[in-house]
Amino acid sequence: MNTPRHTPVMEQYHAIKAQHPDALLFYRMGDFYELFFDDARVAAQALNISLTQRGQTLGQPIPMAGVPHHSARLYLKKLIDAGFKVAICEQMEPPGLAKGPMKRAVVRILTPGTLTEDELLDPQSSNHLAAVLPVKPARGGRPEPRLALAALDLSTGLFQTMAPQSLERARAELALLNPAELVVPEDWDLPAEFNQTPQRLTRRPAWLFDTDQGRRALLEHFQIHSLHAFDIEEEPACQAVAGALIQYCQETQQGHVAHVTALTRVEPDGEVVLDEVSRRNLEINTTLRTGERQGSLVGVLDDCVTPMGSRLLSLWINRPLRDLERIRVRQEVVAWLVAEEEICQALRQSLTGLADLERLLSRIALLRASPRDLGALRATLDRLPDLAATLLQAGTPPLAATLGQSLTGHEDLTAILAAALADDPLPATPAEGDVIRPGHDEELDRQRSLATEGRKHLRTMEKLEQEDTGIAKLKVVHHRTFGYFLDVPKNHQDKVPFRYKQRQTMTNSIRYVTPELKALEEDILNAEGRRSALEAERFGELLTTTAQRAQGLQAAARALATLDVLAAFAQRARQQNYCRPQLHDGSRIELRQSRHPVVETLTRDRFTPNDVTMDGEGNRLLLITGPNMSGKSTLMRQVALIALLAHTGSFVPAGEAVVGLVDRIFTRVGAADDLGGGQSTFMVEMTETARILHHATPRSLVILDEIGRGTATFDGLAIAWAVAEHIHGVLGARTLFATHYHEMTALEDQHPGVVNYTVNVQEWQETIIFLHTITRGRASRSYGIHVAQLAGLPLSVIKRAGKVLAAMEKDGIQGPGQRLQPIQPTLFGVGEPSLLVKELQGLQPDRLTPLQALETLYRLKELAATE
């Protein structure tokens with residue numbers, strides 16, 4: 001009895017699939033990528049495509065699903081977005097040459113963090129692949145766990161690493177990177193907050209994170225003898241985590257990562273730290289309401305005209321500088337472009353429409369660029385001389401001149417592309433022809449001529465056959481598989497001569513061949529094949545030549561992105577009347593006529609500016625009271641955003657601005673239940689507050705809004721009071737503290753450096769008008785019921801609330817800063833019992849006669865009247 005066996009094709013499939021068990025295998029078969037067995041079932045469900053069968057193997061039907069190769073990227077995007085990895089298996093030889101199954105091999109593995117195609121990426125966002133490695137504390141070293149990080153954007157070649165950091169700092173860095181994929185050792189039980197998207201978590205063997213293994217991988221990749229140039233020679237954890245990341249990329253890209261030419265060590269001490277909470281509360285990258293980029297700080301300020309400029313703008317805003325000199329260098333260029341409006345507009349016009357050079361160079365280095373990509377590169381290179389000349393003219397700031405210098409020296413490549421590439425529009429692939437310019441290659445021109453003449457002969461034959469047969473609608477048609485035919489309508493088949501040989505019957509016509517047609521077909525196909533092969537060969541040579549110069553072009557790409565951001569800063573400053581902030585090494589923050597950069601852009605009403613002064617002494621903690629909707633939160637956020645923008649080199653929305661350097665910006669604004677983490681609103685609020693109290697310094701800027709409102713009134717007030725005292729007396733951080741606890745305004749009298757501010761309102765005809773102006777002083781009322789009325793609560797509810805408030809104010813809270821009188825017993829005890837209570841406690845009702853009970857009731861009534 002014979003044992004059933006796999007077919008040769010299925011044996012090949014299983015051998016390749018065994019090498020990539022964690023990926024969906026796109027197995028090329030002709031014009032389709034096919035998936036089999038479990039891969040087919042998964043893909044059919046994820047892509048909503050048909051699940052079919054292909055023959056049998058081992059006596060069982062083979063589940064199969066497929067997608068056309070020409071539209072594969074649409075399906076790949078869906079799979080990658082869903083968190084799948086996909087191995088692309090291509091045919092490695094022309095059809096018909098192999099005796100057995102055609103040779104096939106995996107040429108690339110697509111994962112969420114290793115994409116390079118524009119169609120699969122957001123042009124305005126980076127696509128980071130990150131790796132995290134837990135570092136064991138050395139003897140006598142820090143006892144708390146620490147993490148080393150590395151990140152690589154394969155689409156641009158930007159490679160970074162960070163020395164071991166605390167869990168809190170590492171979490172903030174990962175929140176900033178927002179990696180599309182996270183690579184970790186398979187034996188590490190990572191904290192839950194690092195594993196919120198498990199479908200994008202990749203576990204790798206622990207030995208790949210070995211220091212010696214990582215060091216060797218980095219030295220071999222960069223072709224160097226030490227890592228001193230990257231400042232990680234003395235950082236074994238950085239070597240291990242960065243080496244693990246580069247090995248993963250080499251594996252997924254089949255070794256093609258030559259465009260990754262440098263490794264940057266990120267120094268947290270050189271940046272203003274923004275944790276995940278502050279980015280969310282300040283709506284830096286996305287809005288709280290929609291979660292979208294539009295309406296966020298980055299979205300509103302993005303006046304860039306290139307995708308690479310948009311990505312760099314986001315990076316600068318998320319990584320503000322703490323180096324005064326670097327900030328001032330950027331400011332000088334912005335100031336120059338604000339003053340020279342004509343130059344600024346000319347530069348922005350030249351930048352408009354440029355290719356995304358960073359990602360384009362990555363595809364070129366990976367040898368995946370299309371003819372259109374090289375055409376876009378040629379068009380971009382054509383604009384560089386004019387841009388460089390503008391930036392190198394006399395009187396330009398030093399940074400502008402440096403950028404201009406980076407745009408020079410590419411004339412040779414410009415000439416090569418101009419001579420070799422055909423004029424636009426260029427085809428998507430070399431196989432479509434007309435990629436190489438006529439006259440550039442003599443043999444290619446000859447084969448083109450043969451192919452062109454062959455087509456003329458086909459038209460001539462068609463005309464002769466029409467005249468010979470009298471069939472005016474006879475056509476010469478081509479089928480991709482079966483070649484050329486004479487297509488004759490069925491109602492004319494009686495006119496077909498005997499020399500015609502029928503080959504195919506269609507719905508409305510019959511197809512024939514003749515010896516003359518087949519002979520002409522062979523000549524044409526040979527010429528087309530030779531032309532196609534030569535076109536692909538010459539394009540490949542041109543692509544390789546361009547790839548060899550990619551490293552030099554990376555500096556030009558960075559210069560274009562930088563110029564785009566600085567010009568966007570200048571455009572915004574001119575249009576919105578921003579001022580140049582004066583940064584200094586002290587603590588004073590002084591803003592005149594300051595505005596919120598997002599609100600003033602999006603609102604239809606005129607924005608009301610405000611003055612704010614803070615320092616480390618007399619104005620250390622600003623305690624802000626005022627009704628809801630009066631603008632307290634907006635004011636605090638605008639101070640934080642102005643400080644942030646000042647550290648990026650941008651101008652800021654104010655009449656004048658003086659900003660002392662900030663090391664961290666903390667915010668505690670609003671809260672919501674963390675149901676997944678099992679935390680209530682109040683617990684989330686306290687956790688975020690604790691993080692501030694543990695990490696803020698005198699250099700920090702702290703924004704606190706409504707601390708303590710998530711619990712009982714007096715508990716909340718006590719916590720808010722203690723937090724304010726701790727920040728003022730222990731931390732010394734510059735703080736904006738908004739509260740509805742009017743009792744806290746007494747802190748101004750007790751602690752020098754605490755200053756009361758209030759947001760003004762005006763009462764008019766039993767309603768209030770918000771003036772949105774801040775002044776020294778205390779709010780007399782919260783106006784909560786007025787705000788509720790504006791929100792549309794029923795009038796009956798409003799009236800009842802007014803009565804309840806009046807009663808509470810009479811019996812409970814006596815006024816700002818006064819002693820609190822509880823209006824209900826506390827949970828943990830009561831005060832001295834009253835005479836009435838003592839009398840009731842001493843009664844023994846079972847021993848009272850009816851007359852005694854009546855007398856006792858009258859006595860109790862008299863006691864109640866006196867209390």
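## Exercises: aromatic pairs, a pocket and confidence

At 0% relative accessibility, F36 counts as buried (buried is under 20% relative accessible area, exposed over 50%, partly exposed in between, with a 1.4 Å probe and protein chains only). The model is predicted: local features need pLDDT of at least 70, side-chain atom pairs count only at pLDDT 80 or more, and totals for chains, interfaces and linings use all residues. Residues are numbered from 1 along each chain as its sequence is written, and side-chain values use heavy atoms, without hydrogens and water.

**Exercise 1.** Classify the ring pair of Y13 and F36.

*Solution.* 
- Rings of Phe, Tyr and Trp (its six-membered ring) pair if their centres lie within 6.5 Å; planes under 30 degrees apart are stacked, over 60 edge-to-face, the rest tilted.
- Y13 and F36 sit 5.1 Å apart, centre to centre, with 80° between the planes. The pair is edge-to-face.
- Y13 lies in helix 1 (residues 8-18) and F36 in strand 2 (residues 32-36), so the pair ties together parts 23 residues apart in sequence. Helices (H or I, at least four residues) and strands (E, at least two) are DSSP runs, numbered from the N terminus.
- Y13 has 2% relative accessibility, so Y13 counts as buried.
- Ring pairs link Y13, Y27, F36 and F37 into a cluster.
- The whole structure holds 8 aromatic pairs.

**Exercise 2.** Describe the lining of the second largest pocket.

*Solution.* 
- A pocket is an open set of points on a 1 Å grid over the protein atoms alone, where a 1.4 Å probe fits, with protein on both sides within 12 Å along at least five of seven lines; lining residues have an atom within 4 Å of a point.
- The lining has 40 residues; Y33, R73, E90, R368 and T429 lie nearest the centre.
- Helix 17 gives the largest share, 5 residues.
- The lining divides into 19 nonpolar, 9 polar and 12 charged residues.

**Exercise 3.** Which elements have the lowest and the highest mean pLDDT?

*Solution.* 
- pLDDT is the predictor's confidence in each residue, from 0 to 100.
- The protein mean is 86, and 90% of its residues reach 70 or more.
- Helix 24 (residues 784-791) is lowest at 70. Strand 22 (residues 656-660) is highest at 97.
- Over residues 813-831 the pLDDT is below 50.

Conventions. Contact means heavy atoms within 4.5 Å. Ala, Val, Leu, Ile, Met, Phe, Trp, Tyr, Cys and Pro count as nonpolar, Asp, Glu, Lys and Arg as charged, and the others, Gly among them, as polar.
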